[in-house]
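Subject: Structure for you to look over

Hello,

Here is the structure I said I would pass on. Please open it first; my notes follow below.

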Amino acid sequence: MCIPFLFVCGEHQTTKKLGQARFCANCSTKNGAQLFETSGRFHFCYIPLCKTGGSRRFYRCVTCGAMYPA
Ligand SMILES: [Zn+2]
């Protein structure tokens, strides 16, 4: 009898808030657009091994959801 082993690997994306904010041109909320950074990490069995690709920064408005490139 053989026991199947399931190895899970892939890419996991994390998004973190960087604490900067700016005016949202879409809904005119002052400091409504928050700066976020996403970075991809390759994982094997949910253990992060290395960073894949580059990180990406963007502004996203917490009020209306509009996104702007940083
Ligand atoms: Zn907005």
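The chain has a radius of gyration of 18 Å, whereas a compact globule of 70 residues would come out near 11 Å. Bear in mind that this is a predicted model. Along the principal axes, the C-alpha atoms fill a box of roughly 65 × 20 × 15 Å. As for burial, 7% of the 70 residues in the chain count as buried.

On secondary structure, the chain has four strands and zero helices. Read from the N terminus, the order of elements is β-β-β-β.

Strand β1 covers residues 9–22 and strand β2 residues 33–44; the two run antiparallel and are joined by 11 bridges. Within this pairing, G10 stands opposite H43 of β2.

β2 is also paired with strand β3, residues 47–61, again antiparallel and through 11 bridges. Here F44 faces I47 of β3 across the pairing, standing opposite it.

Last, the contacts. Taking those in the chain between residues at least 6 apart in sequence, 49% join residues that are at least 24 apart.

Regards

How values were computed
Residues numbered from 1 in each chain as written. Predicted model: local features only at pLDDT ≥ 70, side-chain atom pairs only at ≥ 80, totals over all residues. Rg over C-alpha atoms; globule rule 2.2 N^0.38 Å. Buried ≥ 20, exposed ≤ 12 C-beta atoms within 10 Å, placed from the backbone. Contact = placed C-beta atoms within 7 Å. Pairing = 2+ DSSP bridges.
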